[in-house]
Amino acid sequence: MRPWPLLAALLLGAAVQAAQDSPATTVEAVPEDGRQAVAMPALQRALLREEMIQHTATVQQLVDLLGKGELTRAAEIAERDLGLSSMGKHAAATRGMGPGRFFPQLMRSVGIGMHEAASHFADVAREGDAEAALKALSPVLGACVSCHSAYRLE
Ligand code: HEC
């Protein structure tokens with residue numbers, strides 16, 4: 001098999017697409033970003049992003065487990081990956097200067113609030129009432145929403 005003609009066609013297609021998308025042909029204004037920019041070193045930025053992607057996966061897992069009625073498992077995962085027990089896991093890699101150390105004070109309290117809400121969710125889920133657990137998941141997501149609407153990385 002000779003993949004080259006196919007590859008060449010794909011590359012040409014990509015180049016045409018890029019030309020069509022280039023700023024010279026785009027007239028839309030970029031919307032203003034009113035969030036506060038938070039500066040931190042590259043390592044901490046990378047760790048934060050990695051953690052955020054993991055948070056999204058965790059939330060999906062929690063919703064999935066709630067739907068299946070596996071509340072004990074949901075409690076374990078919430079406490080381990082989002083709860084107060086999950087704090088400080090970057091201490092070794094960053095000599096005690098994890099991403100949270102670079103947060104402005106209010107952002108930090110939203111972050112701690114998320115960990116507290118996740119630990120509370122775990123406590124509620126352990127009791128075995130799925131409806132109560134779902135209710136307790138909302139403030140966890142509320143913290144994701146609050147922080148994202150107020151802060152971004154520089
Ligand atoms: C204390 C603040 C804070 C909390 C709480 C928070 N995040 Fe984030 N998150 C951020 C910041 C800051 C960024 C970087 C935004 C940017 O690109 O500038 C981010 C980025 C992300 C991203 C994009 C990652 C990427 O690929 O760049 C995802 C996904 C995400 N967060 C998910 C979540 C979820 C889910 C939760 C809640 C369970 C959550 N976050 C809670 C601050 C927070």
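Which residues in α2 meet which residues in α3? I began my notes there. The model is predicted; local features need pLDDT of at least 70, side-chain atom pairs count only at pLDDT 80 or more, and totals for chains, interfaces and linings use all residues. Residues are numbered from 1 along each chain as its sequence is written.

**Entry 1: α2 and α3**

I looked up the contact first. From α2 come Q54, T58, Q61, L62, L65 and L66, and from α3 come R73, A74, I77, A78 and D81. Contact means C-beta atoms, placed from the backbone, within 7 Å. I sorted this contact by class and got six nonpolar, three polar and two charged residues. Here Ala, Val, Leu, Ile, Met, Phe, Trp, Tyr, Cys and Pro count as nonpolar, Asp, Glu, Lys and Arg as charged, and the others, Gly among them, as polar.

Next I took the geometry. Helix α3 spans residues 71–81, and α2 packs on α3 at about 165° with the axes 9 Å apart. Axes are lines fitted to C-alpha atoms, for helices over the stretch in contact, and angles run from 0 to 180 degrees between N-to-C directions. The two helices are therefore roughly antiparallel. That label needs an angle over 145 degrees; under 35 is roughly parallel, 65 to 115 roughly perpendicular, and the rest oblique.

**Entry 2: α2 and α5**

I then turned to α5. The axes of α2 and α5 come within 11 Å and cross at roughly 165°. So α2 is roughly antiparallel to α5. On the α2 side I list V59, L62 and L66; on the α5 side, A130, A133, L134, L137 and L141. This contact of α2 with α5 has eight nonpolar residues, no polar and no charged.

**Entry 3: the ligand**

How many residues surround the ligand? I found 18, and the closest are M52, G111, C144, C147 and R152. A residue counts as near if its C-beta atom, placed from the backbone, lies within 6 Å. The shell divides into twelve nonpolar, four polar and two charged residues. At least two residues each come from α2 (42–68), α4 (105–126), α5 (130–150) and β2 (151–153). α2 gives the most, six residues.

**Entry 4: the whole chain**

The protein chain has five helices and two strands. Helices (H or I, at least four residues) and strands (E, at least two) are DSSP runs, numbered from the N terminus. Along the sequence I read α-β-α-α-α-α-β.

Terms used
Contact = placed C-beta atoms within 7 Å.
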